[in-house]
Amino acid sequence: MKKSALQIARAAYNPKMPKALYGSVKVEEGAATQSVADQEEVKKLFPNTYGMPTIKFVETSEKVNLPAINVGVILSGGQAPGGHNVIAGLFDGIKNMNVSSRLFGFLMGPGGLVDHDYKELTADIIDEYRNTGGFDIIGSGRTKLESKEQFDKGLEILKKLDIKALVIIGGDDSNTNACVLAEYYKEINAGVQVIGCPKTIDGDLKNEMIETSFGFDTACKVYAEVIGNIQRDCNSARKYWHFIKLMGRSASHIALECALQVQPNVCIISEEVEAQKLSLDDIVTDIANVVAKRAENGNNFGTVLIPEGLIEFIPAMKGLISELNDFLAHHQREFNAVPKDDQLAYIQKNLSAENAKIFASLPSGVARQLTLDRDPHGNVQVSLIETEKLLAEMVGNKLAEMKAAGKYKGKFAAQEHFFGYEGRCATPSNYDSDYCYSLGYTAAALIAAGKTGYMSSVRNTTAPASEWIAGGVPVTMMMNMERRHGEMKPVIQKALVKLDGAPFQYFAAHREEWAVGTEFVYPGPIQFFGPSEVCDQPTVTLRLEQGR
């Protein structure tokens, strides 16, 4: 592959990692754990992997001779910056244990395990991908490992390749599947360990043991750079309102982090919308009032940040979508057979009276988007709903009403944007390069310790990397029961923005001044070389959470 000058320079970067991982380590076990909710139900489903202790790795002078081991690795779900470094850290970790250890990558996600599609990852291949973005070393996919047939089919190739441990790099659903797989292989004494690594740019896979999911840092910095560029253009042309939708289906972490970095005029936080039971009209009115207030100062321009999953957090819309998901889970074939022109009427006829009324009130384009094919979990694909265009249009209409009533005298012209794929495969920041490499190396240490059903954990990451804490957390500890495809299933609990948390509280304390001011911040591009305070800083969210 042809490399740019930056790629060549990045290839020479040696990721920093916790001091404890550089030599021999020993395991320090914490207290026994339980799931975050629904303890009895989760325990019943995971009798072999429930209640295990948390783990911390500490330095030891003891030398341990470990046998060579064959390990498999899977990249699962959407891309996130740093995935290649997780694999590089895993490779270096198992080679450090025993130089004869081998790493096999299953191609295009979990489907590669089921279909026996793989390749051995050797040093020359790994070296091509160190500190690079993307998942192209082995590809990724969204096949769900859920059935005994899949588990048994995967076990065939694991036995054939003499693979004793499998590392699944993914988000909450992928790691849930990893936990189910770990439980099954333990139950049948398959002799295969399963370890997870926390990945998702959305930032919603985190808890007391997982400070952040990898890729979040880089993606937010990429989006913040572009928003900053737009804000500079905004302040230069002084004639457009920019409505910017940002990735984050289930939580508003990306929108909040970008707001903390760029100081926009408006940032909507879905979790606050739900807590305050705001309607769509409430949100539109709030934005229109900011537009009008800025117009009084002659500023007919600004920026509005919108989380991707906003629609699902508006209480009335949430109830509608929940009923839609359940209905289509059982009647998708019937719906598909209805002529396209009659589909909206068909849906409306089959909804409860309250939700039918809400559905009928929506613009037809949005109503149709709510009926599009579901994702693999049976949920509406909110990324297909053009919330940024919907809000820009509705704010325009609201301002026209205000102008007719003599409450607004400005000019309003909108531009809409959606930043999603632009951040998923970016060259990882120094933070993500270090964090991901450490996660991979920690996964190797968990394998050496004979663990299964654990997720790799690296904490204290606002401190210098040498002071980071490496260990593992039982995946069952993060689980609760949720409705999927009309049934209750065990899944890792998503971490939403905490309205009483330091990041949101800081934002809430400053948003009124940001609304009327033009003190935009322009973060600029990610810096890879230079002083640590420029190159190695974690997200504002993480620094506020850690009190740094």
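User: Is the crossing of H11 and H17 left-handed or right-handed?

Analyst: The crossing of H11 and H17 is right-handed. Keep in mind that this is a predicted model.

User: Ok, and what are the angle and the distance for those axes?

Analyst: The axes of helix H11 (residues 280-296) and helix H17 (residues 387-404) cross at roughly 65° and come within 9 Å. Two packed helices are described by just those things, the angle between their axes and the distance between the axes.

User: Which residues make the contact?

Analyst: From H11, they include Leu280, Ile283, Val284, Ile287, Ala288 and Val291. H17 brings Leu390, Leu391, Met394, Val395, Lys398, Leu399 and Met402.

User: How do the residues of that contact divide into nonpolar, polar and charged?

Analyst: The contact of H11 with H17 has 13 nonpolar, 2 polar and 2 charged residues.

User: Let's pick leucine 399. Buried or exposed?

Analyst: Leucine 399, which lies in helix H17, counts as buried because its relative accessible area is 2%, and the cut-off for buried is under 20%.

User: What is leucine 399 in contact with, leaving aside neighbours within four places in sequence?

Analyst: Leucine 399 touches Ala288, Val291, Tyr408 and Phe412. Ala288 and Val291 are also among the H11 residues in the helix contact.

User: New topic. Which residue does the UniProt "active site" annotation cover?

Analyst: According to the unreviewed UniProt entry, the "active site" annotation covers Asp202. Asp202 is in the loop between strand E7 (193-198) and helix H8 (216-237).

User: Why does aspartate 202 count as buried?

Analyst: Because its relative accessible area is 14%, and buried means under 20%. Leaving aside neighbours within four places in sequence, Asp202 is in contact with Phe216, Met247, Gly248, Arg249, His253 and Ile254.

User: And where is threonine 200?

Analyst: Threonine 200 is in the loop between E7 and H8. Threonine 200 is buried too, with a relative accessible area of 13%.

User: What does threonine 200 contact, again leaving aside neighbours within four places in sequence?

Analyst: Threonine 200 is in contact with Leu205, Ser213, Phe214 and Phe216. Phe216 also turns up in the contacts of Asp202.

User: Last one: where does UniProt place the "domain: Phosphofructokinase" feature?

Analyst: The unreviewed UniProt entry puts it at residues 70-350. Over that stretch the chain is 52% helix and 15% strand, and the end C-alpha atoms are 54 Å apart.

Terms used. Residues are numbered from 1 along each chain as its sequence is written. This is a predicted model: local features need pLDDT of at least 70, side-chain atom pairs count only at pLDDT 80 or more; totals for chains, interfaces and linings use all residues. Side-chain values use heavy atoms; hydrogens and water are left out. UniProt positions are given in the numbering used here, feature names are shortened, and annotations may be inferred rather than shown by experiment. Helices (H or I, at least four residues) and strands (E, at least two) are DSSP runs, numbered from the N terminus. Buried means under 20% relative accessible area, exposed over 50%, partly exposed in between (1.4 Å probe, protein chains only). Contact means heavy atoms within 4.5 Å. Axes are lines fitted to C-alpha atoms, for helices over the stretch in contact, and angles run from 0 to 180 degrees between N-to-C directions. A crossing is left-handed if the near helix is turned anticlockwise from the far one by less than a right angle, and right-handed if clockwise. Ala, Val, Leu, Ile, Met, Phe, Trp, Tyr, Cys and Pro count as nonpolar, Asp, Glu, Lys and Arg as charged, and the others, Gly among them, as polar.
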